[in-house]
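Thanks for sending this one over.

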Amino acid sequence: MDELLREMEGYAALHHVPIINERGRQAFLQVVQEARPHRVLEIGTAIGYSSLLMAQHGAADIDITTLELSDERIKVAQGYIDRSAYADRIHIMGGDAAENLLKLQMTGQKFDFVFIDAAKGQYVDYFHKIQPMLADKAVILADNVLFRGYVKGDVPTPRRFKTIVKRLREYIELVSQPPYVTEILENGDGLAVTRRLDT
Ligand SMILES: C[S@@+](CC[C@H](N)C(=O)[O-])C[C@H]1O[C@@H](n2cnc3c(N)ncnc32)[C@H](O)[C@@H]1O
């Protein structure tokens, strides 16, 4: 497995695929290991790197549904997943995540762990769509919420990032209000760890 993960890191570096970065990875793994999730929803598969990390560090009966838009990345991800011990535990849903979240809602499934790591401007919408699918004590992770240091602090935001930064601030605001509580781990690009207070 470690060899496969190293190979994927090499592929990601060569093809500029933004997998969870080395600094954020430790914090990510710590949260996964503490939660030991059974039923995971991931938004943003890329090449399957974080899916495989969660499979390796989650519960023995883990089942992961992961959403990805790019056909090319789905093909690469499926290839890696098929070479792992988790081929029957990771299911990729191709297409736009917002549409697939609505389809998943219809199935009545519940998830105890959600990893949001796709279109940063859509995190608020994703969060609204996953709420009905959260199991009690669910943990929701969202990556890149500090986006290059522009979301918090006084660093002026370049014009081209203003909308993303505004929307990430809205996301942090949303998940910081009851019944949710959120801790932001500042390693990497900022990982928001959200839990419901009342479950
Ligand atoms: C940061 S990467 C995911 C990295 C992966 N979670 C990891 O750490 O290994 C974000 C992925 O989200 C996908 N994505 C972007 N917009 C999307 C959308 N609307 N629906 C589904 N996937 C989307 C991108 O194609 C990209 O592969």
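**Notes on the fold, the core and the ligand shell**

1. Buried residues account for 37% of the 199 residues in the chain. Here a residue is buried if 20 or more other C-beta atoms lie within 10 Å of its own, exposed if 12 or fewer, and partly exposed in between, with C-beta atoms placed from the backbone.

2. A word on the source: this is a predicted model, in which local features need pLDDT of at least 70, side-chain atom pairs count only at pLDDT 80 or more, and totals for chains, interfaces and linings use all residues. Residues are numbered from 1 along each chain as its sequence is written.

3. The chain holds seven helices and seven strands, and from the N terminus their order is α-α-β-α-β-α-β-α-β-α-β-α-β-β. Both kinds of element are DSSP runs numbered from the N terminus: helices are H or I with at least four residues, strands are E with at least two. The radius of gyration is 16 Å, close to the 16 Å that the globule rule gives for 199 residues, so the chain is as compact as a globular protein of that length. (That radius is taken over C-alpha atoms, and the rule is 2.2 Å times the number of residues to the power 0.38.) Along its principal axes, the C-alpha trace spans about 45 × 40 × 30 Å.

4. The largest nonpolar core has 55 residues, and Ile-116 and Leu-141 have the most contacts inside it. Such a core is a set of buried Ala, Val, Leu, Ile, Met, Phe, Trp, Tyr and Cys residues joined through C-beta atoms within 7 Å. Strand E5 (residues 134-143) gives the largest share of this core, six residues. Leaving aside residues up to four places away in sequence, Leu-141 touches Val-31, Phe-115, Ile-116, Leu-191, Ala-192 and Val-193; contact means C-beta atoms, placed from the backbone, within 7 Å.

5. Which residues are closest to the ligand? Gly-44, Ala-46, Tyr-49, Ser-50 and Ala-97 are, among the 17 that surround it, where the cut-off is a C-beta atom, placed from the backbone, within 6 Å. Helix H3 (49-57) and strand E2 (63-68) are the elements that give two or more residues to this shell.

6. Lastly, have a look at Val-32 in helix H2 (residues 22-35). Val-32 is buried, with 23 other C-beta atoms within 10 Å. Not counting residues up to four places away in sequence, Val-32 touches Pro-37, Met-54, His-57 and Gly-58.

Methods:
Two residues are in contact if their C-beta atoms, placed from the backbone, lie within 7 Å.
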